[in-house]
Amino acid sequence: MQQRVKEKALELLRNGTVDRVIGWKTGEFFYDLTPAVFETAEEIEKDFVFSGFSGANLSKYAIAQSRAAGKTAIFLKPCDSYSFQQLLKEHRILRENIYIVGIACEGMLDMEKIRAAGCEGVVSVKENGEELIVETLYGDRTLSRKDCLLERCAVCKSKKVVIFDEMLGEQGDEQETARFDRVAELEAMTPEERFAFWRGELSRCIRCNACRNVCPACSCEKCVFDNDKSGVRNKAAADPFEENLFHIIRAFHVAGRCTDCGECSRVCPQNIPLHLLNRKFIKDINELYGTYQAGADMETKSPLTDFTTDDCEPSIVHERGGVK
Amino acid sequence: MQRIGVFVCWCGSNIAATVDVEKVSQVLAQEPGVVFSTNYQYMCSQAGQEMIQESIHKYNLTGVVICSCSPRMHEATFRKTCEKAGLNGHMVEIANIREQCSWIHKDKDVGTEKAVVLGRAAIAKVHLNAPLTAGQSPVKKRALVIGGGIAGIQTALDIADAGFDVDIVEKQPTIGGKMTQIDKTFPTLDCAACILTPKMVDAAQNEKIHIYSYAEVESVKGFVGNFNVTIKKKARYVDETKCTGCGLCTEKCPQKKVPNAFNLGLDNRRAIYIPFAQAVPKVATIDADYCTMLKSGKCGVCSKVCTAGAIDYKQKDELIEQEYGAIVVATGFNPIKLDKYDEFAYSQSPDVVTSLEFERLMNAAGPTGGTLLRPSDGTHPHTIVFVQCVGSRCDDGRGKSYCSKICCMYTAKHAMLCREKYPDTDVYVFYIDVRTPGKNFDEFYRRAVEEYGVHYVKGMVGKVVPQDGKLKVQASDLLGDRQLHIDADMVVLAAAIEPDETARPLATKLTASMDTNDFFTEAHPKLRPVESPTAGIFLSGACQGPKDIPETVAQASAAAAKVIGLLCKDSLTCNPCTAQPDELMCNGCSSCEKVCPYGAITYADKEFRGPNRTTLIRRMAQVNPAVCQGCGACTVACPSGAMDLKGFSNKQIMAEVDAICR
Amino acid sequence: MKKIARSELNALFAAIAEQKQLFIPADNTAGQAEFILWKDGVALTEKLNTTRSAKDLFFPQVENLVNFKVSDKKMEIIENRDPAAPFVVFGVRACDCRSFDILDSVFLSEPVDTFYKARRENGIIVTLGCTKPAETCFCGAFGIDAANPAGDVTCWLDGETLYWKSNTDKGKALTAALSVLTDCDENAVVAIQENTRKILEKLPLNNLDLSGFESDKLMELFNNPAWTELSESCLGCGTCTFVCPTCQCYDVQDFDNGREVRRFRCWDSCMYSDFTMMAHGTNRPTQKERFRQRFMHKLVYYPSNNNGVFGCVGCGRCLQKCPIHMNIVKVAKKLKEVAK
Amino acid sequence: MSVNEQFQPTIVAFCCNWCSYAGADLSGTNRLQYPANVKIIRIPCSCRLNPMFILRAFQRGADGVILCGCHPGDCHYTTGNYYARRRMTLLFSMLDFMGIERGRTRVEWVSAAEGAKFAATMNEFVETITKLGPNRRLEDLRCSKE
């Protein structure tokens, strides 16, 4: 697959289907791939890489690139395709200028997890079926591949590429996973425990905005938190309240639009499980208003811009089960 | 920085008794930006208003805070006061220290403290107020009436009478509506056709009225004063301008087996037809579902017999665009379908009929020429059972929860007419209650009972079983506390009425609201009963709720009066507190558009100067201030905060919050 | 040179904590190392370095400056500085230790930042020689010896023993108060150092060539066409800035709670779109300019004004944490490649 | 605040202009008492309430926030309260998820005719919040009055 993706990028550029390709570019090491725009076959030959470390969701780059002259190819893994389609639904991407290549995906690797498994000074990681051979400055290690997947891949919601012009590998399906288990665990705690949990997590936030800036749903021209006119601008959490404010409002602003692509948690330098906030909303929406997957199609109304006359009352939050 | 004046009203002792007004005005005088603060016995009095105006001049006030009664009471008053003194009316904020303070608190310290906080909140808001000017939008002096029944006709005639152009869109080939099918009208028993058809002719001949028959509303854009409506004229395969209505084609057409909808399928008509003799326009229409020429290309008889050359098999649906200042909905009603009421054997025996079918059977122009005959065998019925409330006041989920209102009276009419024309018939009416609130209504009902000997039985019919040419009716007599078994020749069901099925999609097109029964909602159930909450949309007749003819006509004229009032104006003053997007922040994501109940938001691609002398084209929300009603739904749907509401901006509300929590 | 058995580390920490607040690198609940206020039970991390640098203890992300109240036309100034408590930070790596030279040059030159100065005076830096450097380390490129860090006190740790050597008066004073330490020979750490240096030699970026960034090439570098490509995928977040031990930009903001105004400063990032926003707008309108600013500052502007000392210490945090894996190494290499 | 002193919560009530604000006026007209802790902010419709405003209130020292709007189906703007209902449901659920005490936030539909309901609701809400005590979990210490 890794080779096929690269060959496809070359082919599309060479045969004139597109003028540029959004893909992943090699780095100093084997794992530090950077999203990049390739404009020549030579660049692709030299630097284009698709590997287990191509976790970065490229869909957000299509906002700008679809406005560039000519046509752009983009490679989308299944989860990325949901983000792409959601952006399309919100009129952020000019579809006619993009050529989408869907890629079947077996899950992306998480360098943090490999390091956390005690691998320091990692020189290379070789995939050998279900195993990873990790070569380090301090000796080799063998890890189970599934233990080293990105969180979102470990609980992958769908192997289906929902929008594409061309598909590499086999199209997959949506799948039932345990992605809401952690949310349910938290829901089962007492409010005191939940409060302590989130205080502990969010107190580490350094407001680097990586979660926001990487998020395909957070593609606002100007975020309310950067905007002096909004009345809520802040640059750093000067009080724990502002940590809560930022993350609650961010989750609320992407509620019904978040596809659960998991990029927020992937990029958080402080390892805050931010995806749990978004998943909480997704879980609530599914339970209260019927199953909804943002980005799954172009038609279904987002649950927050829709209603039924017999929706539940907000008091359901206080009445439903769990510890009061 | 604003220069704010604070005016604390005593409201006699209404406020002053539980709020220390002197203290409130003193404390508020210390707030930043407050340059003048005072209190007075009656701020809304002439003297009070003059004091405000003088202060505006004397202290160069840019903002005014009035601590007084509810803004619902005097906000408009004080805005006018300030406008007369040259200050924009929207630079006034009211702190409600009467209804929400002095009247609910007994302790003067508590009341005073709260009044101060409310005053502070108002001051905080005024700091961020900006002068607002209401926009003007022109009014297109033409009205559209959707539905050409008695309601639509009356509305159109009244509007035309005032000198405005009116178009009627009627989905049937003729105007006239349900009333054309009715034989006699209660409580006067005059002939429906005799009073209706002259009005139909009036409408047709009125220069100001244009009738689009066999037409539907395809789409509605725009807003009060400026609706842009697309009307679809369905192909009738007959050139209206050529057809003389001679009717020859309707006699010669070889396709004779078409159920006659006008007679509710009680007899047949041809594939080309004129619904009834007095139809307006009196033009033939080809029923494409039955016409063999249209279906297989073989026939063409009508075309051959038509001397006017009006037949046009190639006619297509036609779309007409027209602009209107006001729209009146007069889509009327239909009896409900009775498929859920098997116990009355409606689908099993042709002798079980609905009241509307019964009207046709009694009508001189009906299938039986006005002689009451059983549909099954054409014999005279001798025992007739009327069942009331079939599907009305129903709580088992099969019918409607509401009272259909007209059934009691028309059943009394039917029973009376039967007894009058055929004194040898036994007539039973089974009812839950007999409701006769209306002029001469109860007298009419009593005549049926007392003079005509109709058997009124309080109770419901449990079962109707067709057997040996009879209808075995099993019923309960609640007052006699017994079961009745009647061998009837006919059973007449007073089916509930419901809004026409076209009403729901039409409401969506109009962004007009409906209740759960699909009746159009009025702007206020008591005080604005003929207006829809959507500006410029008016309601006429049974589309708003069950009505009899006089009520329908009354509402039709009332709606017309409202339309005339609107069309008389050259322009409309818009609500100045409308949503407004900050173009630099708008993502063009359409979230706001999806929650706007008025369709006030549209999108346009706009060029922007990007960094480094580049040009960017961005999709951008645009709010039509003439349509926006200022609810603010869009402001919360907007993730970037680009959408804000004038008069209730994010910053203003947060400033109030801050002041209250301070 | 002093020493203490590794098994006795807790006693050492307890002894220090008796005198001053002690911060040591320890694992947090997210499994990352950070400087945590020591109390019994807090254990030294096995990890090479903390996610956030030791800078945070001297230049915190948010710091109160002053409060003021306005009533009528009068303004009342209320000092609300945190009285800086004396503290010790243990386990600072060579790279982070070097970052204080850079921070000092900014904050301690006129006009002196008295907030930073107070913390510097009150803080004692105890460094720890590296034994297991990571592939992302490139302190060697800046002439930093990871095996022999500076600081008020330098420590080395092997399997059994912690070695302790005081370098400054502050360090000596601290050492004198720690009776748990016992004397030992200086040569005890040579083996540790040699072992470390052997590994350093193998690191892929240890010999990163940083020539070609001299001030005479400033305009050429500024106009280097590679900036467009390099910055293209930058998300404009502040991760690199906030994990960086040498970034020192901050914004001053006022918070009005309705009764008083609280003035504070908080970290800012030149990667942010509203960085140094002025009345006319911003002079770095796109991410390219902002991105260029950050790296030009580290590689060219700062060295030009500071005798060729780079504004980077090679800790490798940005290499690990950038969401899109763009970093100073890639930038330096690309600029040189294109310049050729 | 001493232990014995009765805790006086600050409560912000957002009321839609058409129903609930009028309902509040009616409870005043009928002289139905409710505690002065409740301060009303008038908004055009319940759908105008941005979650940001609720958090802002808590930040600045509110101990409880309540939103009152027209009954579902009766919205002056037809559909506003339906959107508000979904928004508030999700927001409240998130606050609960983050461990904020249930009961600090509430939505109640109050018509212009329900002056008694308005007063009763406010009495009840003040009681609930008084029992819950001061808002600590969503407060901003910089706004603390202590």
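Let me begin with one residue of chain A: leaving aside residues up to four places away in sequence, Pro78(A) touches Cys105(A), Ser158(A), Lys159(A), Lys160(A), Val161(A) and Gly172(A), where a contact means that two C-beta atoms, placed from the backbone, lie within 7 Å. What we are looking at is a predicted model, in which local features need pLDDT of at least 70 and side-chain atom pairs count only at pLDDT 80 or more, while totals for chains, interfaces and linings use all residues. Residues are numbered from 1 along each chain as its sequence is written, and chains are lettered from A and ligands numbered from 1 in the order in which they are written.

Staying with Pro78(A), its place is in helix H4 (residues 78–89) of chain A; helices here are DSSP runs of H or I with at least four residues, strands are runs of E with at least two, and both are numbered from the N terminus. Pro78(A) counts as buried because it has 22 C-beta neighbours inside 10 Å, the rule being that 20 or more other C-beta atoms within 10 Å make a residue buried, 12 or fewer make it exposed, and anything in between makes it partly exposed.

Now to chain B, which has 18 helices and 34 strands, and in which buried residues make up 52% of the 662 residues. Its C-alpha atoms fill a box of roughly 95 × 70 × 40 Å along the principal axes. Chain B is divided into domain 1 (4–128), domain 2 (142–234 + 317–332 + 500–567), domain 3 (248–305), domain 4 (334–498) and domain 5 (579–646), with bounds that come from an automatic or database domain assignment. The centres of domain 4 and domain 5 of chain B, taken over C-alpha atoms, are separated by 58 Å.

Which helix gives the largest share of the side of chain B that touches chain D? The contact takes 35 residues from chain B and 34 residues from chain D, and the largest share of the chain B side, 8 residues, comes from H18(B). In H18(B), 11 of the 12 residues are buried, and these pack against helix H5 (108–128) and strand S34 (643–645) of chain B, together with strand S1 (11–16), strand S2 (38–43) and helix H2 (51–60) of chain D. The end C-alpha atoms of helix H18 (residues 650–661) of chain B are 16 Å apart, which agrees with the 16 Å that its 12 residues should span at 1.5 Å a residue, the expected span being 1.5 Å times one less than the number of residues.

Most residues other than glycine have a negative phi, and most peptide bonds are trans. A cis peptide bond joins Phe186(B) and Pro187(B), with omega about -5°, and Pro187(B) lies in the loop between strand S8 (184–185) and strand S9 (190–191) of chain B. Cys389(B), in strand S21 (residues 383–390) of chain B, has a positive phi near 55°, and Asn440(B), in the loop between strand S22 (426–431) and helix H13 (441–450) of chain B, has a positive phi near 65°. Are these two residues buried or exposed? Cys389(B) counts as buried, with 23 C-beta neighbours inside 10 Å, whereas Asn440(B) is exposed, with 12 other C-beta atoms within 10 Å.
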